[in-house]
Amino acid sequence: MTIREASAEWQGTLKEGSGRLRLGSGVFEGAYSFPSRFENGPGTNPEELIAAAHAGCFSMALSAILGGANHIPTNISTIAKVHLGAGAAGPTIIRIEIETQAEIPGLAPDEFQTLAETAKATCLVSRALAGVATITLKAGLIAAATTQQ
């Protein structure tokens with residue numbers, strides 16, 4: 001079984017304090033604070049890292065599903081947008097929007113949409129975030145360049 005880790009450090013009160021987030025691999029470390037999380041202050045936040053994880057997971061899941069259907073993607077580009085709102089328990093992730101565009105030679109748009117929906121439903125981050133009320137998908141297929149003879 002694979003285990004991944006990250007760490008967080010926090011000093012001070014909720015609104016005036018600050019902290020650092022660090023990925024276990026060491027490839028990212030960044031500051032976070034109340035303003036970076038709930039306003040538009042500098043730094044990162046846990047929700048931004050969730051968005052990165054979701055975009056990456058979805059792209060890999062889509063690539064695997066496409067490969068299983070004998071379609072090899074030239075490129076998959078995905079953005080995940082995590083929306084914070086208020087819930088009964090306090091601040092809550094209320095919605096995640098996944099936007100993906102892919103270049104896949106020879107694939108019909110309707111089949112692409114079906115395969116993208118399957119990736120959204122089965123990617124392990126989507127499954128881990130099943131408590132989020134709404135996860136939407138906007139999938140666009142980029143026409144592959146044709147070579148003229």
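Two residues are in contact when heavy atoms of theirs lie within 4.5 Å. The exercises below use this idea on a predicted model.

**Exercise 1.** Which residues does Leu62 touch, not counting residues up to four places away in sequence?

*Solution.* Step 1: set aside the residues up to four places away from Leu62 in sequence. Step 2: list the contacts that remain, which are Ile76, Thr100, Phe112, Leu115, Ala116 and Ala119.

**Exercise 2.** Which members of the largest nonpolar core touch the most other members, and which element gives the most to this core?

*Solution.* Step 1: the largest nonpolar core has 23 residues. Step 2: within it, the members touching the most others are Phe58, Leu62, Leu66, Ile96 and Phe112. Step 3: at least two residues of this core come from each of α2 (46-68), β5 (90-103), α3 (109-122) and β6 (134-142). Step 4: α2 contributes the most, namely five residues.

**Exercise 3.** Are the rings of Phe34 and Phe38 stacked, edge-to-face or tilted?

*Solution.* Step 1: the structure has two aromatic pairs. In one of them, the ring centres of Phe34 and Phe38 are 4.9 Å apart. Step 2: planes under 30 degrees apart would count as stacked and planes over 60 as edge-to-face. Step 3: the planes of Phe34 and Phe38 stand at 45°, so this pair is tilted.

**Exercise 4.** Is each of Phe34 and Phe38 buried, partly exposed or exposed?

*Solution.* Step 1: buried means under 20% relative accessible area, and exposed means over 50%. Step 2: Phe34 has 16% relative accessibility, so Phe34 is buried. Step 3: Phe38 has a relative accessible area of 34%, so Phe38 is partly exposed.

**Exercise 5.** What does the contact between domain 1 and domain 2 consist of?

*Solution.* Step 1: find the parts. Domain 1 covers 6-38 and domain 2 covers 46-141; their C-alpha centres are 26 Å apart. Step 2: five residues from domain 1 and five residues from domain 2 take part in the contact. Step 3: the two domains bury about 430 Å² between them, with 78% of this area from carbon and sulfur atoms. Step 4: on the domain 1 side, Leu21, Arg37 and Phe38 lose the most area to domain 2, together 77% of what that side buries. Step 5: count the salt bridges between the domains, which gives one. Step 6: Arg37 forms a salt bridge with Glu47, in which the closest N and O atoms are 2.6 Å apart.

Note on methods:
Residues are numbered from 1 along each chain as its sequence is written. This is a predicted model: local features need pLDDT of at least 70, side-chain atom pairs count only at pLDDT 80 or more; totals for chains, interfaces and linings use all residues. Side-chain values use heavy atoms; hydrogens and water are left out. A nonpolar core is a set of buried Ala, Val, Leu, Ile, Met, Phe, Trp, Tyr and Cys residues joined through side-chain atoms within 4.5 Å. Buried means under 20% relative accessible area, exposed over 50%, partly exposed in between (1.4 Å probe, protein chains only). Helices (H or I, at least four residues) and strands (E, at least two) are DSSP runs, numbered from the N terminus. Rings of Phe, Tyr and Trp (its six-membered ring) pair if their centres lie within 6.5 Å; planes under 30 degrees apart count as stacked, over 60 as edge-to-face and the rest as tilted. Domain bounds come from an automatic or database domain assignment. Buried area is the accessible area (1.4 Å probe) that two parts lose on being put together, summed over both. A salt bridge is a side-chain nitrogen of Lys or Arg within 4 Å of a carboxyl oxygen of Asp or Glu.
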